[in-house]
Amino acid sequence: MTESTATVAQLYIDAMASDEPGALPALFADDIVWHQPGANRFSGVKHGSGAVGAMIGAMMAVSGGTFALQSTGAPMVNGDLAALPIRFSARREGAEMSMDGVDLLRVRDGRVAEAWLFSADQAAEDAFWGQG
């Protein structure tokens, strides 16, 4: 289980860090539960790979394709959980955001079944994305 979790965590980082995150949906369980923090247009719990994919696509659209995520350290794996230290950034309409965070993934059957995201400065992230 741990090796599979580590592999999926690395594939997630690779897909999120690429200019073409097309491999990302294949990593999600059909019934994924995604916990997006904060009080902005993207916040809340998303259910299903379609809803998560639509949210990520909308984030790319709002940011003019500038939303980016990079790993800042190796995934930390504990059974079916992987904590990923990350840095994410985006630009839109003269506004910029860049901060550290942690993505916590629960892996089941070789796919991401649940994800919890944490931001170093949630108020700044909320201000960047704005209300829906």
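How many helices and strands does the protein have? Here are a few notes, with the reminder that this is a predicted model.

1. **Secondary structure.** The protein has 4 helices and 7 strands.

2. **Overall dimensions.** The radius of gyration is 14 Å, close to the 14 Å that the globule rule gives for 132 residues, so the protein is as compact as a globular protein of that length. Taken along the principal axes, the box filled by the C-alpha atoms is roughly 45 × 30 × 25 Å.

3. **Packing and contacts.** Of the 132 residues in the protein, 42% are buried. Among contacts with a separation of 6 or more, 47% are between residues 24 or more positions apart.

4. The accessible surface of the protein is about 6400 Å², and carbon and sulfur atoms account for 55% of that. As for charge, there are 8 positive and 16 negative side chains, with 5 Å between the centres of the two sets.

5. **A closer look at Thr5.** Is Thr5 buried or exposed? Its relative accessibility is 0%, under the 20% cut-off, so Thr5 counts as buried. Setting aside neighbours within four places in sequence, Thr5 is in contact with Val77, Gly79, Asp80, Leu81 and Ala82, and also with Val107.

How values were computed
Residues numbered from 1 in each chain as written. Predicted model: local features only at pLDDT ≥ 70, side-chain atom pairs only at ≥ 80, totals over all residues. Heavy atoms only, no water. Helix = DSSP H or I, 4+ residues; strand = E, 2+ residues; numbered from the N terminus. Rg over C-alpha atoms; globule rule 2.2 N^0.38 Å. Buried < 20%, exposed > 50% of the residue type's maximum accessible area, 1.4 Å probe, protein only. Contact = heavy atoms within 4.5 Å. Areas by Shrake-Rupley, 256 points an atom, 1.4 Å probe, with all protein chains shown as cover. Lys, Arg positive; Asp, Glu negative; His and termini not counted. Charge placed at Lys NZ, Arg CZ, Asp CG, Glu CD.
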